[in-house]
Amino acid sequence: MKRVYKRDEAPPLLTRYKERFPQETWEHFRRHCKGGYPEVKTAILEDQHYLCAYCEISIKLAEEEGQLDDFRVEHFYPKSSTEEDGHNFHLDWRNLVGVCHGGSQPAVVDADKRYSTYRGDRSCDVPKAGKEITSDLLNPMHIPARDRIFRYVEFTGKMVVDEDSCPNYLKRRAENTINELNLNAPRLMRMRKTVINGLRETIEMATASGEPLEEVLNYLAQTSLLPDVDNRDLPFFSVIRWYLGEAAEKVIRTSGRKI
């Protein structure tokens, strides 16, 4: 999980709909606001650089008939928390994040890697569902970007709280987040391990050919942690950040961008 920087202003169609129907539901918005959902979807994807707000897998959109986008809009605070005369979490722009299907949909793009028949392999908003547990989880829109919250076990891809760099006040919620969102689902660990193996092999090949380690790490940090020309991040940003160490932290400190 990495920091999500949402744009200050909600998409125009959502704003206008909320002004007209302040107590309506998300489902009503999707059905009755023509063009509203696609506009929200585009804004979320751009703000998140096409990564799932929870597990950081890349969001992939359907390319063929019969496929599903591996994307859906998640309400961080459950829609059921909305009170009749209180805050409407259904239509709160700052409550909307984009997530993957958490391994639950067989028709998504790259289903052989992204779908699992094993219920213990489900992650992100699937186990979270509408449970009232948000006070015990990290909110991706509020976590500090400058502090590394997680580290990983190199030979398994397992995600754990980084005891050295995670602020003390976030450690309990960081651990709860891993457990409640099942961010160590087997398929996620496999994919993270693939990323780690790729980085290790690249570094070993470059240094074997005589390139200084520091230069290799700096190059990888520059090319792996900044969004590409299409505003997309590489999947598993936090894994790359952890593996590249201080070279990654330098890019994050000096880039001047909200990454």
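Tutor: Let's start with the term itself: a cavity is a set of grid points where a 1.4 Å probe fits but cannot get out. Keep in mind that this is a predicted model. By that rule, the count comes to three cavities of 30 Å³ or more.

Student: What volume does the largest cavity have, and which residues lie nearest its centre?

Tutor: The largest cavity holds about 170 Å³ of space. Its lining has 19 residues, with Lys2, Arg3, Ala145, Phe237 and Arg241 nearest the centre. Helix H9, residues 237-244, supplies the largest share of that lining, three residues.

Student: What makes a residue part of the lining?

Tutor: Having an atom within 4 Å of a cavity point is what makes a residue count as lining. By class, the lining of the largest cavity comes out as 10 nonpolar, one polar and eight charged residues. Lys2 and Arg3 are among those nearest its centre, and Lys and Arg go in the charged class by definition.

Student: What about the second largest cavity: which residues lie nearest its centre?

Tutor: Lys2 and Arg3 turn up again there, along with Val4, Gln48 and Leu51, out of 13 lining residues. The second largest cavity has a volume of about 80 Å³. Its lining splits into six nonpolar, two polar and five charged residues.

Student: Which parts of the chain does the salt bridge between Glu249 and Arg148 link?

Tutor: First the distance: the side chains of Glu249 and Arg148 meet at 3.6 Å, N to O. Glu249 belongs to helix H10 (residues 246-254) and Arg148 to the loop between helix H5 (125-128) and strand S3 (150-152), which are distant parts of the chain, 101 residues apart. Glu249 counts as buried because its relative accessibility is 10%, against a cut-off of under 20%. Arg148 and Glu249 also belong to one network with Asp162 and Arg241, joined by salt bridges that share partners.

Student: And why is Glu163 called exposed?

Tutor: Exposed means over 50%, and Glu163 has a relative accessible area of 52%, so that is the class it falls in. Glu163 still has a salt bridge, to Lys171, at 3.3 Å from N to O.

Student: What makes Ser104 buried?

Tutor: Its relative accessible area is 19%, so Ser104 falls on the buried side of the 20% limit. Ser104 is found in the loop between strand S2 (96-99) and helix H4 (111-114). Leaving out residues up to four places away in sequence, Ser104 touches Arg72, Tyr115, Arg122 and Val126. The side chain of Ser104 also reaches the backbone oxygen of His101 at 2.7 Å, inside the 3.5 Å limit for a polar contact.

Student: Why is something called a pocket and not a cavity?

Tutor: A pocket is an open set of points, whereas a probe in a cavity cannot get out. The largest pocket has about 290 Å³ of space. Its lining has 13 residues, and the closest to the centre are Ile57, Lys113, Met191, Thr194 and Phe236. H4 and helix H7 (186-208) are the elements giving two or more residues to that lining, and H7 gives the most, five.

Student: And which residues line the second largest pocket?

Tutor: Asp233, from the Lys2 salt bridge, is one of them, and the list also includes His49, Tyr50, Thr223 and Arg232. The second largest pocket holds about 150 Å³, and its lining divides into five nonpolar, three polar and four charged residues.

Methods:
Residues are numbered from 1 along each chain as its sequence is written. This is a predicted model: local features need pLDDT of at least 70, side-chain atom pairs count only at pLDDT 80 or more; totals for chains, interfaces and linings use all residues. Side-chain values use heavy atoms; hydrogens and water are left out. On a 1 Å grid over the protein atoms alone, a cavity is a set of points where a 1.4 Å probe fits but cannot get out, and a pocket is an open set with protein on both sides within 12 Å along at least five of seven lines; lining residues have an atom within 4 Å of a point. Grid points are joined across faces, edges and corners, and a volume is the space filled by probe spheres set on the points. Helices (H or I, at least four residues) and strands (E, at least two) are DSSP runs, numbered from the N terminus. Buried means under 20% relative accessible area, exposed over 50%, partly exposed in between (1.4 Å probe, protein chains only). A polar contact is a pair of N or O atoms within 3.5 Å; within protein, one must be able to donate a hydrogen and the other to accept it, and residues adjacent in sequence count only if both atoms are side-chain atoms. Contact means heavy atoms within 4.5 Å. A salt bridge is a side-chain nitrogen of Lys or Arg within 4 Å of a carboxyl oxygen of Asp or Glu.
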